[in-house]
Every structure is written in C-alpha cells, then in structure tokens.
Amino acid sequence: MLFPLSLPLLLSFFTAGQGPAAAAPAAKPAPARLEWRADRQLTWEDFKSRPTSDRLAALTSSTIDAKVGCVDYVFSAQVQAVFVPTESWVRDPKRATPALLRHEQVHFDLTEVHARLLRQKLSLVKFDCEKLQPAFSNITKMAFLTWQREEARYDQETNHGLNLPRQQAWEQQVQQKLQQLQAFALVKQ
C-alpha cells in the first residue's frame with residue numbers, strides 16, 4: 001500500500017520592464033503536471049492558468065509528490081518534483097522576460113533539490129512497516145517546511161529575480177546543489 005503526500009507551493013513573482021521575450025511557436029496543450037527533468041526547461045507555454053492578481057507578473061505552482069509503502073515488509077518510496085501548469089500563470093507572455101522565466105525555472109529546480117534531499121533522507125531511514133505513516137509524516141513535514149523556507153528566502157534575497165547579482169548567485173548555487181545530489185536524481189526509464 002502506498003501513502004501519498006503532496007503539498008503544493010504557490011510562488012509569485014514581480015517583474016520590472018526588462019523588454020519583451022522572444023516570440024514562441026504555438027505549443028501543444030500542457031499536461032496536467034510536468035515532472036522535473038534536467039533536459040526539459042520550463043517555457044511560458046507551460047503556464048496555463050489565468051492571472052489571479054493585478055500586481056504579480058507570474059505565479060508558479062510546484063510540489064513534491066511523495067509516496068511510500070511496504071510490500072512484504074520491504075519499504076519503498078517514490079518522490080517526484082512536479083510543476084502544475086493549470087495552477088501556474090504569467091500575466092503577459094509576449095512581454096514576459098527571459099530573466100523572469102529563469103527565475104521561475106530556479107524555483108522549479110529548488111523543488112527538485114528538495115525532492116532529492118527527501119529521497120536521500122528516505123534512503124537512510126530504517127522504517128518499521130507496521131508504524132510507517134507516523135514516521136513518514138514527520139520526515140515529510142520537516143522536508144516540506146525546509147523547502148518552503150528556502151523558496152521564500154530565494155524570493156526575498158533576489159527580490160523576485162530583480163536583483164540580478166543575487167539571482168545569478170542563486171542560479172549557480174542551485175545548480176551546484178543539483179550536482180551534489182546527483183546520486184538521488186531519478187533515473188530515466
């Protein structure tokens with residue numbers, strides 16, 4: 001039996017007029033969810049919802065889906081970083097900047113960093129299959145809290161991507177973390 005846990009994180013971003021983004025070709029309908037992949041960056045076409053605020057330039061919804069279970073008293077876990085197109089939006093895709101999209105991508109990359117950290121933690125803990133749910137809930141609550149705090153710190157330190165030196169520093173830091181946690185990346189099937 002698998003126990004799912006998925007808590008969404010809604011992230012909002014502000015933008016300054018940094019010029020229009022390049023026009024994009026027509027896109028296929030977005031899937032209900034996009035799993036994080038190193039070879040697939042977000043595009044403005046992935047943001048399918050309608051704006052819900054007059055003062056925000058874009059809003060990203062991402063989550064970490066975590067499922068655990070025991071079969072014949074053997075523990076297994078599945079953890080996935082996910083972007084939700086139908087809950088994510090950009091106010092004006094024709095005027096949205098590449099810098100804003102990079103900021104959004106780093107949020108999704110941070111989601112993957114924390115998914116890898118959770119995979120790492122779950123690989124190290126010895127679970128009692130008869131008392132799985134309380135232990136799993138405690139670990140995931142702490143993992144989600146840490147992830148949400150880092151997402152908020154990222155927005156604060158970069159001023160939602162407008163502080164370019166801090167934005168670039170965060171981009172490098174997140175890429176380094178992804179490299180450091182490569183052993184906990186999902187293997188393509």
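Trainee: How many aromatic pairs does the count come to here?
Mentor: Six aromatic pairs. Keep in mind that this is a predicted model.

Trainee: What makes the pair of tryptophan 44 and phenylalanine 47 tilted?
Mentor: Start with the centres: they are 5.0 Å apart, and rings pair if their centres lie within 6.5 Å. Then take the planes, which stand at 55 degrees. Under 30 degrees would be stacked and over 60 edge-to-face, so this pair is tilted. Both tryptophan 44 and phenylalanine 47 are buried, too.

Trainee: Which cluster do ring pairs make with Trp44 and Phe47?
Mentor: Ring pairs join Trp44 and Phe47 with Phe83 and Phe108 in a cluster.

Trainee: How do you know whether tyrosine 154 and tryptophan 170 are buried or exposed?
Mentor: Check the relative accessibility: it is 0% for tyrosine 154 and 0% for tryptophan 170. Buried means under 20%, so tyrosine 154 counts as buried, and so does tryptophan 170.

Trainee: Now the helices. Why are α1 and α3 called roughly parallel?
Mentor: The axes of α1 (residues 98-124) and α3 (residues 164-180) cross at roughly 30 degrees, and they come within 10 Å. Angles under 35 degrees count as roughly parallel, and therefore α1 and α3 get that label. Their crossing is left-handed.

Trainee: What kinds of residues make up the contact of α1 with α3?
Mentor: They divide into six nonpolar, three polar and six charged. Among them are Val106 and Arg116 in α1, and Trp170 and Val174 in α3.

Trainee: What about valine 106: buried or exposed?
Mentor: Its relative accessible area is 6%. With the cut-off for buried at under 20%, valine 106 is therefore buried. Leaving out residues up to four places away in sequence, valine 106 touches Tyr154, Gln167, Glu171 and Val174. Take glutamine 167: it sits 61 residues from valine 106 in sequence, yet their C-alpha atoms are 9.2 Å apart in space.

Notes: Residues are numbered from 1 along each chain as its sequence is written. This is a predicted model: local features need pLDDT of at least 70, side-chain atom pairs count only at pLDDT 80 or more; totals for chains, interfaces and linings use all residues. Side-chain values use heavy atoms; hydrogens and water are left out. Axes are lines fitted to C-alpha atoms, for helices over the stretch in contact, and angles run from 0 to 180 degrees between N-to-C directions. Helices (H or I, at least four residues) and strands (E, at least two) are DSSP runs, numbered from the N terminus. Angles under 35 degrees count as roughly parallel, over 145 as roughly antiparallel, 65 to 115 as roughly perpendicular and the rest as oblique. A crossing is left-handed if the near helix is turned anticlockwise from the far one by less than a right angle, and right-handed if clockwise. Contact means heavy atoms within 4.5 Å. Ala, Val, Leu, Ile, Met, Phe, Trp, Tyr, Cys and Pro count as nonpolar, Asp, Glu, Lys and Arg as charged, and the others, Gly among them, as polar. Buried means under 20% relative accessible area, exposed over 50%, partly exposed in between (1.4 Å probe, protein chains only).
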